[in-house]
Each structure stands twice: as structure tokens, then as C-alpha cells.
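I opened a notebook for this structure. Below are my entries, in the order I looked things up.

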Amino acid sequence: MRPMPFLEKWIFLLLGIPLIGTYFYAFALGDLRRNTISFEYAFFGAFLLYAIACLWVLGTGDENPRRLFWIFALAAVTQAILTLTRPTLSDDMYRYVWDGRVQAQGISPYRYPPNAQQLSHLRDGEIYPFINRKNAVTVYPPGAEAAYALLWQMAPDSARWLQIVMALAGVAAGILLMRLLQELGRSPARALIYLWSPLLAYETAHAAHLDGLVLPLLVGTWWARVRERDGLVGILLGIATALKLYPALLLPFLWRPDHPKGRWQMPLAFLATLTVFYLPYTITSGGDVLGFLPLYLKESFNVSPLVSEMKNLLHVLGWRSWGNLTIIALGTIAIFAGWSILNPARDAETAIRRCILPIGILTLLSQNLFSWYMLWLLPLIAIFLTPTNKRAGIFAFPRLDAWTGWWLFCGLIALSYTFFIEWKPVPAAIYAQFLPLYAILLIDFLRTLLFKFNSLKPRAPTAETLPEA
């Protein structure tokens, strides 16, 4: 193992120690929801240090095993600190524990809401009081319910166990990402862009969101796509969809309809995997496995300026349901999906890059956008964030393109937690999140149009291109 250069050791010390300090500060705060402003200081202090580390990684292409070790080690330390905190930014994990408890009694989580009289004997003082929407059956798909049942059997009624599992899953995705980066000819050190993100740390190790389990499945899906393992792509994407539904949107963009085997292997494996998860719960629940989902899709949180203006326009047209925006979003994704199927990606990297289309559209047109919904974008950013030729010593600045906009957004979205201060949207926080993203996406779009326009312009003949007399 080659030794790290002296300067690199100082980089890890100067960035790593203060970064760990921000997480100890969050640990000392206790209830992060009641100390929202202080939590924001902790988060954005970590994001600033993380951003500097990203510039350093972009500026180096050398593969040093020691560097990779310290990247993963520091990620593990920050995650470990947050697993010791009481999850207060979200109460979703208490529903996970409750659903596991209900299933341990042989009862379908889709049959009764937590406050139903039939479940009164399962209530306690540690889990039940913190469950949200006690009057609604679960919103989670069968794959998630299977995970809750398994995790409950391993450590009954433990929210901390869920924090540990989600943190480990997030780090495991980083290990897979390192291998994927190598397959794509990129430095595995770029995994830092994913692993050191405070969004990843807080939403998995602290809040224990289910999305943590989805991350290694998605990175594994992209890796299988590079290896042209179409059946495995379908299986992994099917499991991810059974956990959280939204990964299904990636299938058309990863599909290989022009390949003799890939034409059928991927979609059939995907459907077979979903059937394995859905069929048992469909039978035990009496057929209803949607639960609270239809009502959840009508809720709104962190509504962007673009969505607000579209909502106003729909009102003028007489369409007053949030569902119309969902239809517009899914319809737009369907158009791009059709285009992708008719124009298959020339290689795996192009197919993986196209995954930004459904993710971006769903995010930009979402009327219910929580910060952990952006976790599935972090591995893609680690792959495609591109440095410019402008350097400052060992640091390289990213291009002002869409990937940089999404990278910045994955930090700024933590401002949505300010809504908890008075339990209402904060306009300044909304604009601070979305306006930089809109501006960067617009700049990138205009630059792309200009490039295409210039490439279509006829060139003046030169001496080399003039025909001979």
C-alpha cells in the first residue's frame, strides 16, 4: 500500500476533524427538531467542509488505497455518531417498527390503522406515541413491509437498530459505488462525493429513512447494467421498487430493447421480482396493498416556485387537484421514457446518465418534496460531477452544469427543515433551495442549445476543403 503524500494527510486532518466536530455538535443538541436553527448550522457547517473535500477529489485522479480507506473511515465515524442520536428530524422509523410488530402477530399492516381497536393490545409507551397518522393504514409497499418484519425479528422494537441498518446500507452503497466508478474508468475516490454528504448521514444514520436500503440496490443495478447482466438489473430494480416504488421509473432508461437477450430478461425479471413481494401481501390484506398511498399523493410539502406557478395556472384552467400535477410529471417522464426506448443508449454509461431525466422531472414537478427523497441522486452526482480546467492548487472547480446544480440542491434542501420552526413553509427557505438550481439548469440548457446551433452552422470552405480545379 503506497503511503499518502504529506499534503493529503493534512487535508484529511484539516477537513476531517472539523467535519466530525459538526456531528458531535448535532449530537449535543439532542432534539434536532426543537433546535432547528442550531441543526441548520451543524448541517451547513458540514456541507461547507464536504464541498471543499469534493473540490479536492475532483482535482485528483490518483488511486491511493490509503486515501480510500480514510474516506470510508471518516464516513463511518460520522454515521456512527448520528446512530447514537435519538431520531427527531423524522418519526417515520417508528412506523417501521410498528409495522414490524404488527406483522409479528400475523396481522397484515394494510388491514388496520395503528389506532384501531383490534391493535390496542400492541400499544406501548416507547413506539406507539411517536407514530404519525395513527388513523391511517401503512403507506409503504410490500417490499418495505417485508424488510420491517425481518428487522423486527432481528431486534424487536428498536429504532436504533433501524438507524444502524440504514447507516450500514448507505456505507455499503459507497463500497459498490467505488467498484462502479472503477468500471466506468473514474477514480474510486469520487465515492467521497456520496459518502461525505451530510444529506446521506442525517437521513440514514439519524432519521433511519427506508431510502437507505434502496441505495445499495440502485448502485448495484447500475453496476449490473455496466456488466450487461440484464436479469440482475431487473431483479435489483424490482426489489428497490418493492421497497419504495419510485425506482420503477428508471427501468425504461436502463432497458436494452435492441439487444436479443436484454429485450426480455430485464423487464421479465423486474415483473417476477415484484410479483414475489406483492402476491403474499395482496392475499393477506384482502387485495389492498396501496394503503394510505392514494391520500398521501394529495399532500404537499416544500412546494417549489415552479410547482406553485403551475398550480395557479391549473386553477385558472379549472383543474384544482394536486393529482393533475402528478399526471403531468408522470406523463412527461413517459414521453422521455418512450424516446429512450426508441433510441437505446449506446453504452451503459449513457444509460446510467439518462437516469437523471426521471429523477429530475419528478423532483422539479413534485408537490411533496422531503430532503431524503434526494438520496437516490447522490451516487449519480458522484459519477457525473465534472471538473473544469480551472484549478486552485490541489482543488478543481466543478463545471457550471446540471450536475453541479443538483449537487448544490442536495445540500440546500436541508433548509426545508426550517418549516418545523412554526410548522409552516418559509418562503425564503424555498427560494434559497430552488432558485440556484433553476438558474444553473437554465444556464446549462442555453449553453447546450448554443452548442447545437453552432454545430449546425455551415462552415466557410478552407484551402483543405476546396475542390481541386
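**Entry: aromatic pairs**

I note at the start that this is a predicted model. I began with the rings. How many aromatic pairs does the structure hold? I found 31 aromatic pairs. A pair of aromatic rings is described by the distance of the centres and the angle of the planes.

I looked up Trp372 and Tyr373, which are one of these pairs. Their ring centres are 5.8 Å apart, and their planes stand at 85°. Planes over 60 degrees apart count as edge-to-face, so Trp372 and Tyr373 are an edge-to-face pair. I also checked the surroundings of Trp372. Its relative accessibility is 7%, so Trp372 counts as buried.

Next I took Phe420 and Trp423. This aromatic pair is tilted, with 5.2 Å from centre to centre and 45° between the planes. Are the two partners buried or exposed? Phe420 is buried, at 11% relative accessibility. Trp423 is exposed, with a relative accessible area of 59%.

**Entry: charges over rings**

I then searched for charged ends above rings. Which ring does the charged end of Arg86 sit over? It is the ring of Phe130, and the charged end of Arg86 is 4.6 Å from the centre of that ring. I wrote down Lys134 as well. Lys134 lies over the face of Tyr128, 5.4 Å from the ring centre.

**Entry: cysteines**

I counted disulfides and got zero. I followed this up with Cys54, which is in no disulfide. The nearest cysteine sulfur to Cys54 belongs to Cys410, and it is 11 Å away. A disulfide needs the two sulfur atoms within 2.5 Å. I checked the accessibility of both residues. Cys54 is buried at 1% relative accessibility. Cys410 is buried too, with a relative accessible area of 2%.

I turned to the packing of helix 19, residues 402-412. Two packed helices are described by the angle between their axes and the distance between the axes.

I noted their crossing as left-handed.

**Entry: positive phi**

Most residues other than glycine have a negative phi. I looked for residues that go against this.

Arg133 is not a glycine, yet its phi is positive, at about 50°. I found Arg133 in the loop between helix 4 (92-104) and helix 5 (142-154). Arg133 is partly exposed, with a relative accessible area of 31%.

Ala208 is not a glycine either, and its phi is positive, at about 55°. I placed Ala208 in the loop between helix 8 (198-206) and helix 9 (211-226). Is Ala208 buried or exposed? Ala208 counts as buried, at 0% relative accessibility.

**Entry: Pro387**

I finished with Pro387, which lies in strand 1, residues 387-392. Pro387 counts as partly exposed, at 29% relative accessibility. I compared the position of Pro387 with that of Phe277, 110 residues apart along the chain. Their C-alpha atoms are separated by 42 Å.

Definitions and conventions:
Residues are numbered from 1 along each chain as its sequence is written. This is a predicted model: local features need pLDDT of at least 70, side-chain atom pairs count only at pLDDT 80 or more; totals for chains, interfaces and linings use all residues. Side-chain values use heavy atoms; hydrogens and water are left out. Rings of Phe, Tyr and Trp (its six-membered ring) pair if their centres lie within 6.5 Å; planes under 30 degrees apart count as stacked, over 60 as edge-to-face and the rest as tilted. Buried means under 20% relative accessible area, exposed over 50%, partly exposed in between (1.4 Å probe, protein chains only). A charge sits over a ring if NZ of Lys or CZ of Arg is within 6 Å of the ring centre and within 35 degrees of the ring normal. Axes are lines fitted to C-alpha atoms, for helices over the stretch in contact, and angles run from 0 to 180 degrees between N-to-C directions. Helices (H or I, at least four residues) and strands (E, at least two) are DSSP runs, numbered from the N terminus. A crossing is left-handed if the near helix is turned anticlockwise from the far one by less than a right angle, and right-handed if clockwise.
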